[in-house]
Amino acid sequence: MKIDEYLETLPENLLSGEDVQLPEKSLREIFKFVGLEKDDIFYHLGCGNEKGIEIAVKEFQVKKAVGIDNNSEKIENAKKNMVKKQIQAELKCQDVLDSDISEATIILFWFTDENITNQMLKKFEGLKSDTKVITIWGPLPDCIPDKVDFPYIINKVPFTKAKNMQEQLLAIFGVKCVDFVTAWEFAERYTKAIGSPEIKNDRFLTIIQTLVIWINAKKLGVACGDEIPESIQTYIKLMKMNFDIDFEPMLKE
């Protein structure tokens, strides 16, 4: 099985973050990192449940909080929970591509679909100066991050465009080249950020993410050295022999 075929089988698209609810600890880390405060108008795009909005209102006391998601069932449940908790905020069942986000000062945006991110980038570029867009795992397309605490990444309007993918990747990792240790460290940070305390396969996901990070770095010409490190070779063989997951096609692309 090729790696891209395997990724499609993962429940709730765990690796991409789609339809995965961030743990409350991660939401708090994000809000502290981005500097969420009382004067902010916070938008959570793809909010799912109400937890992000609740924490923004109750703990960070934002001026206004708006959650947007196209899942009507989740939005209705979130609204009911907000009423029970007596929390004042807006929850909208909308496609983020159709939403009006012009008043936002801070936006949490966790989407990996290139079609969505490219269209949203155009909307983000039209926002008022100093508006912050925080993403997870990857920055906005073709943009140099304003600030990074991986896997959390901030891009601030007006965005700084990257000269190429290499410049963007190195800005994210803060290193001159990506070796196995760097790939593992950042993969582990991501897994811990999106995983719940009960997660059983966090090491398995970390290995997969490590291989994806290093192989992408190799293809972009920013991996350390010309040879494939022994540790990377070992994990590629392990994935193939024990799980029938083949990373070789990625190396040959």
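Two strands are taken to pair if DSSP finds at least two bridges between them, and strands and helices are themselves DSSP runs (E, at least two residues, for strands; H or I, at least four, for helices), numbered from the N terminus. On that basis, 7 strands form an open sheet in the order E3-E2-E1-E4-E5-E8-E7, with mixed pairing. This is a predicted model, in which local features need pLDDT of at least 70 and side-chain atom pairs count only at pLDDT 80 or more, while totals for chains, interfaces and linings use all residues. Residues are numbered from 1 along each chain as its sequence is written, and side-chain values use heavy atoms, with hydrogens and water left out.

**The sheet**

- The edge strands are E3 (90–93) and E7 (147–149), each of which pairs on one side only.
- Neighbouring strands of this sheet are turned by 15° against each other on average, direction ignored, where axes are lines fitted to C-alpha atoms (for helices over the stretch in contact) and angles between N-to-C directions run from 0 to 180 degrees.
- Strand E2 (residues 64–69) runs parallel to E3 and is joined to E3 by 4 bridges, with Ile68 standing opposite Lys92 in E3.
- Helix H4 (residues 72–84) packs on the sheet, touching E2 and E3, and its direction makes about 165° with that of E3; contact here means heavy atoms within 4.5 Å.

**Strand E4 and its neighbours**

- Strand E1 (residues 41–45) and E4 run parallel and are joined by 4 bridges, and the bridge partner of Phe42 in E4 is Ile106.
- E4 also pairs with strand E5 (residues 132–136) in the parallel sense, over 3 bridges, and Ile107 stands opposite Val133 in E5.
- From strand E4 (residues 106–109), Ile106 and Leu108 point one way and Ile107 and Phe109 the other, and all are buried, that is, under 20% relative accessible area with a 1.4 Å probe and protein chains only.
- E4, helix H5 (residues 114–125) and E5 make a right-handed β-α-β unit, meaning that, with the strands pointing away from the viewer, the path from the first strand over the helix to the second runs clockwise.

**Nonpolar cores**

- The largest nonpolar core has 60 residues, and those with the most contacts inside it are Phe31, Leu36, Phe42 and Phe247; such a core is a set of buried Ala, Val, Leu, Ile, Met, Phe, Trp, Tyr and Cys residues joined through side-chain atoms within 4.5 Å.
- Helix H8 (residues 202–220) gives the most to this core, with 9 residues.
- A second, separate core of 20 residues includes Ile41, Met120, Phe124 and Cys143.

Terms used: Buried < 20%, exposed > 50% of the residue type's maximum accessible area, 1.4 Å probe, protein only.
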